[in-house]
Amino acid sequence: MKFVADGMLGGLTRWLRMLGQDIVYSVKLDDSQLLGLAKREERALLTKDFQLYKRAISRDLDAFYVEGKSEPERLSEVTERYGFTLEIDMDKSRCPVCNTPLKAAPKEELQGELEENTYTYYDNFWRCPNCGQIYWQGAHWKHIQSTLNQAQQKK
């Protein structure tokens, strides 16, 4: 599935990218640009703006009005509507920053780029080939799993 999200959904965008969804996001896109992009690239529009949602529907675009107040609620709504799971598969994850598919990165290649403890205690890493960001399932992974579990419980 391909999405475009309005400027109010930056947090949701990062989560959906981690879940492997291709999602365009920029706070610089105005409503007309969002609608044009959705149509041109056949992307579903995710929005918290009810008027924008109505405009998209009137143009026969796939659009979803996101009502959730928390990230787990928003994740639950979107995954329920579009039928994908709340599980992160790092082989399918996209960079939360720039939307590029992540690539596994051998630990040895990252030695000078990681904190010493990170390098010592973790073995699996992924790098964004576009922006260079490095990812691993560190201590923050418990929070990520907790958020996904909360979203799952709201279904």
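Predicted model: local features only at pLDDT ≥ 70, side-chain atom pairs only at ≥ 80, totals over all residues.
**Sheet order.** I started with the sheet. I found four strands in an open sheet with parallel pairing, in the order β2-β1-β3-β4. I then checked the edges: β2 (22-25) and β4 (63-65) sit there, each with a single partner strand, so one side of each has no neighbour in the sheet. I also looked up the twist, and the average is 25 degrees from one strand to the next.

**Pair by pair.** I went through the pairs along that order. β1 and β2 run parallel and are joined by four bridges. I picked out Phe-3, whose bridge partner in β2 is Ile-23.

Next I took β1 with β3, again a parallel pair, and counted three bridges. Here Val-4 is opposite Leu-45 in β3.

Then came β3 (residues 44-47) with β4, where three bridges hold a parallel pairing.

Which strands does α1 lie across? I found helix α1 (residues 10-18) across β1 (2-5), β2 and β3, and its direction is at about 155 degrees to β2. I noted one more thing about α1: together with β1 and β2 it makes a right-handed β-α-β unit.

Helix α4 lies across β1, β3 and β4. Its angle to β4 is about 150 degrees.

Terms used
Residues numbered from 1 in each chain as written. Heavy atoms only, no water. Pairing = 2+ DSSP bridges. Helix = DSSP H or I, 4+ residues; strand = E, 2+ residues; numbered from the N terminus. Axes fitted to C-alpha atoms, helices over the stretch in contact; angles between N-to-C directions. Contact = heavy atoms within 4.5 Å. Right-handed = clockwise from strand over helix to strand, strands pointing away.
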